[in-house]
Amino acid sequence: MQTNFSRPISDAAFDASSRKNRERLAAVIAYTEAHYSEVVTLEAVARKLHLQVNYFCYFFKKNTGMTYLQYLNEYRLAKIYHDLVVTDIPLKYLLERHGFTNYKRFRELFYEKFQMTPSTVRKK
């Protein structure tokens, strides 16, 4: 995940505030890894960092270049892609296992990300 979502940081960025930001981001990533298969709300993640929701959204986008929802969906898609390739579990169960509740939205996101349908990925 780090290689897909990281960006270069200048030497000047390694001050105390950026260290605090990296710690906050690490906490968000750890929370996401532990809870991605559940219903994850912005309120829950912001509460974990002791931040207001609006500030959390600003903070996350400023430091990652994407919204938290985009990150969460990318993480879920990566997990589903992996399971499509290495297991025979039906897609319906993979969606439940990895936190997607809307099949139509999942297919849109999946195709946008991989330019293939889930069944095409599984066949390869």
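1. What should the 12 residues of helix α7 (residues 103–114) span at 1.5 Å a residue? The expected span, taken as 1.5 Å times one less than the number of residues, is 16 Å, and the end C-alpha atoms are 16 Å apart, which agrees. Helices here are DSSP runs (H or I, at least four residues), numbered from the N terminus.

2. This is a predicted model, in which local features need pLDDT of at least 70 and side-chain atom pairs count only at pLDDT 80 or more, while totals for chains, interfaces and linings use all residues. Residues are numbered from 1 along each chain as its sequence is written, and side-chain values use heavy atoms, leaving out hydrogens and water.

3. In α7, the buried residues (under 20% relative accessible area, with exposed meaning over 50% and partly exposed in between, for a 1.4 Å probe and protein chains only) are Phe106, Leu109, Phe110 and Phe114. They cover an arc of only 105° around the axis, taken from the directions from the helix axis to the C-beta atoms, which puts them on the same side of α7. On the other side of α7, Lys104 and Glu112 are exposed.

4. Just after the helix, Gln115 takes a positive phi of about 55°.

5. Glu74 and Lys113 form a salt bridge (a side-chain nitrogen of Lys or Arg within 4 Å of a carboxyl oxygen of Asp or Glu), their closest N and O atoms being 2.8 Å apart. Glu74 lies in helix α5 and Lys113 in helix α7, so the pair ties together parts that are 39 residues apart in sequence.

Technical notes:
Helices (H or I, at least four residues) and strands (E, at least two) are DSSP runs, numbered from the N terminus.
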